[in-house]
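Keep the sequence and the coordinates at hand while reading.

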Amino acid sequence: MSVWGIRALECDQGLDAMDCLTANYLGSKQQISLEEMAMLLSEHGLLCSNEQNNDHSQCSDISALVLAELLYEWHNYGYPQYDCECESTIWQSIKVFSASPLALEALLAHIKDIYHDVQLQNEERSLVKLWFHSAYWHAWVEHLESLMDNLIELLHEAHP
């Protein structure tokens, strides 16, 4: 897997997830939802629930991180911050990015599961193994923590 940054949107598998969303979902939509994007990625074998993901598939983990990053960037900037000019016109048409509390909780559970293995330094999880021996381990862990914090904040906003 080719990686050029700590974000899931900065690796080949992350861009594969974005390509899937772009080709099969985003189009000229003005409203998108976390639930629909997660369902589409699941249908294409790019995202599994934690119950289905017993082998901790790197692809599934990266797709979950892509969704968390998209939510984070939409919430903080109003559009994704990744380098792909071809996508900018798609994101300009989107006015609403919704996420139900249930979908947020499911995504947060997946990210927390990854983080749990990070804390254990469980190299049986391929994503942990990839980053554990990297010079960017601490930056990547901080990135995971910021994604979790953002999801928790979004959950609090959904449950005032």
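Which residues in H1 are buried? They are Gly14, Ala17, Met18, Cys20, Leu21, Thr22, Tyr25 and Leu26. Buried means under 20% relative accessible area, exposed means over 50%, and partly exposed lies in between (1.4 Å probe, protein chains only).

The model is predicted: local features need pLDDT of at least 70, side-chain atom pairs count only at pLDDT 80 or more, and totals for chains, interfaces and linings use all residues. Residues are numbered from 1 along each chain as its sequence is written, and side-chain values use heavy atoms, with hydrogens and water left out.

## Overall layout

The protein chain has seven helices and two strands. Along the sequence they follow the pattern α-β-α-α-α-β-α-α-α. Helices (H or I, at least four residues) and strands (E, at least two) are DSSP runs, numbered from the N terminus. The chain has 160 residues, and 46% of them count as buried. Among contacts in the chain with a separation of 6 or more, 66% link residues 24 or more positions apart. Contact means heavy atoms within 4.5 Å.

## Helix packing

Two packed helices are described by the angle between their axes and the distance between the axes. Here the axes are lines fitted to C-alpha atoms, for helices over the stretch in contact, and angles run from 0 to 180 degrees between N-to-C directions.

| Helix pair | Angle between axes | Distance between axes |
|---|---|---|
| H1 and H3 | about 65° | 9 Å |
| H3 and H7 | roughly 65° | within 10 Å |
| H5 and H7 | about 155° | 10 Å |

Take H1 (residues 12–26) and H3 (residues 58–77) to begin with. H1 and H3 are roughly perpendicular to each other. Angles of 65 to 115 degrees count as roughly perpendicular, under 35 as roughly parallel, over 145 as roughly antiparallel, and the rest as oblique. H1 passes H3 in a right-handed crossing. A crossing is right-handed if the near helix is turned clockwise from the far one by less than a right angle, and left-handed if anticlockwise. From H1, the contact uses Gln13, Gly14, Ala17, Met18 and Leu21. From H3, it uses Gln58, Cys59, Ile62, Ser63, Val66, Leu67 and Leu70. By class, this contact of H1 with H3 has eight nonpolar, four polar and no charged residues. Ala, Val, Leu, Ile, Met, Phe, Trp, Tyr, Cys and Pro count as nonpolar, Asp, Glu, Lys and Arg as charged, and the others, Gly among them, as polar.

H3 also packs with H7 (residues 137–158). The crossing of H3 and H7 is left-handed. H3 residues in the contact include Leu65, Leu71 and Tyr72, and those of H7 include Leu144, Leu147 and Leu151. The contact of H3 with H7 divides into eight nonpolar, five polar and three charged residues.

H7 has another partner in H5, and their axes pack at about 155°. That makes H5 roughly antiparallel to H7. The crossing of H5 and H7 is left-handed. Leu104, Leu108 and Ile111 are among the H5 residues in the contact, and Trp137, Trp140 and Met148 are among those of H7. By class, the contact of H5 with H7 has 18 nonpolar, no polar and three charged residues.

Ala109 sits in H5. Ala109 is partly exposed, with a relative accessible area of 36%.

## Aromatic residues

The structure holds four aromatic pairs. In one of them, Trp137 and Trp140 are tilted, at 6.0 Å centre to centre with 40° between the planes. Rings of Phe, Tyr and Trp (its six-membered ring) pair if their centres lie within 6.5 Å; planes under 30 degrees apart count as stacked, over 60 as edge-to-face and the rest as tilted. Trp137 and Trp140 are three residues apart in H7, so about one helical turn separates them. Both are buried. Trp131, Phe132, Trp137 and Trp140 form one aromatic cluster.

## Loop residues

Pro80 lies in the loop between H3 and H4 (85–93). Pro80 is buried, with a relative accessible area of 9%. Pro80 touches Leu70, Glu73 and Trp91, not counting residues up to four places away in sequence.

Gln121 lies in the loop between H5 (101–120) and H6 (126–132). Its phi is positive, near 55°, in a residue other than glycine. Most residues other than glycine have a negative phi. Gln121 is partly exposed, at 41% relative accessible area.
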